[in-house]
Amino acid sequence: MALIEVRNVHKKYSQGKLEVNALNGVTLSIEKGEFLAIAGPSGSGKTTLFNLIGGLDTITQGEIVLDGQTLNTMTQAELSTMRLHKIGFVFQTFNLIPVLSALENVEFILMLQGRNAKDRLELATEILTDVGLGDYLHRRPGEMSGGQQQRVAVARAIVAKPMLVLADEPTANLDSATGAALLELMRDLNQKYQTTFLFSTHDRMIMEKSKRLIMLRDGLIDEESARLFENRPL
């Protein structure tokens, strides 16, 4: 069974008297351990699809199944519990808590899960060491570079061993060298933990490094554009 099944998903938004069709019948399957990206021009529907898979928005028609659970039949409380235990999020703006240290930011998700203090400390220290921040445990976000802050965000997303990490433009605020290093880190984590990584991105580097590329255009999967990109001359 696939980790994620998106079945004939439609999403409509109302803007005043206008109705906008953000997705127009998207169907796709994502297996456990994949490292893939959703891409497409502005208005293609990639952010909408990303948010629907993360349970951050509700569909208009169709269904999305994550690990055997149909998201559109779950209550908000059930969705919150699912996100807490099964999904890690990485945002382009880092979204770290500025008054907490790197260690405390990573421990925070474990505290919400009810883990004891000893386990929190051990797990957070281990993952921060894995992402190359073993010497920065007690630094606050304002005392770290953008690349270091995004590594903390990745550590926070992966520390509880979720099934899925959703990364929304994770390299957007980083220089190319730092972005490339972060992407290699996430590939290493993907292989080490067999965690599925799904990116929403405009970054060509992420598209090139992903093992599968899903291109959206006008709310539909554009398989021809994905093939052209993947078969491009290097």
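Student: Is Glu34 buried or exposed?

Tutor: Glu34 is buried, with a relative accessible area of 16%; buried means under 20% relative accessible area, exposed means over 50%, and partly exposed is in between (1.4 Å probe, protein chains only). Before going on, a word on the source: this is a predicted model, where local features need pLDDT of at least 70, side-chain atom pairs count only at pLDDT 80 or more, and totals for chains, interfaces and linings use all residues. Residues are numbered from 1 along each chain as its sequence is written, and side-chain values use heavy atoms, with hydrogens and water left out.

Back to Glu34, then. Its partner in a salt bridge (a side-chain nitrogen of Lys or Arg within 4 Å of a carboxyl oxygen of Asp or Glu) is Arg212, and the closest N and O atoms are 2.8 Å apart. Glu34 sits in the loop between β2 (18-30) and β3 (35-39), while Arg212 is in strand β9 (residues 212-217), so the pair ties together parts that are 178 residues apart in sequence. Helices (H or I, at least four residues) and strands (E, at least two) are DSSP runs, numbered from the N terminus. Arg212 itself counts as partly exposed, at 26% relative accessibility.

Searching the whole structure turns up 10 salt bridges. One of them joins the side chains of Asp57 and Lys11, at 3.4 Å from N to O. That pair also links distant parts of the chain, 46 residues apart: Asp57 is in the loop between α1 (46-53) and β4 (61-66), and Lys11 is in strand β1 (residues 4-15). Asp57 is partly exposed at 25%, whereas Lys11 counts as buried at 7%. Then there's Glu19 with Lys12, where the closest N and O atoms are 3.9 Å apart. Here Glu19 is exposed, with a relative accessible area of 53%, and Lys12 is partly exposed at 39%.

Now for the packing inside. A nonpolar core is a set of buried Ala, Val, Leu, Ile, Met, Phe, Trp, Tyr and Cys residues joined through side-chain atoms within 4.5 Å. The largest one has 41 residues, and Leu128, Leu189 and Phe199 have the most contacts inside it. A second, separate core of 28 residues includes Val9, Leu71, Phe89 and Leu216. Phe89 is also among the residues that Ala153 touches, along with Val90, Phe94 and Leu96, leaving aside residues up to four places away in sequence; contact means heavy atoms within 4.5 Å. Ala153 lies in helix α5 (residues 146-158) and counts as buried, at 0% relative accessibility.
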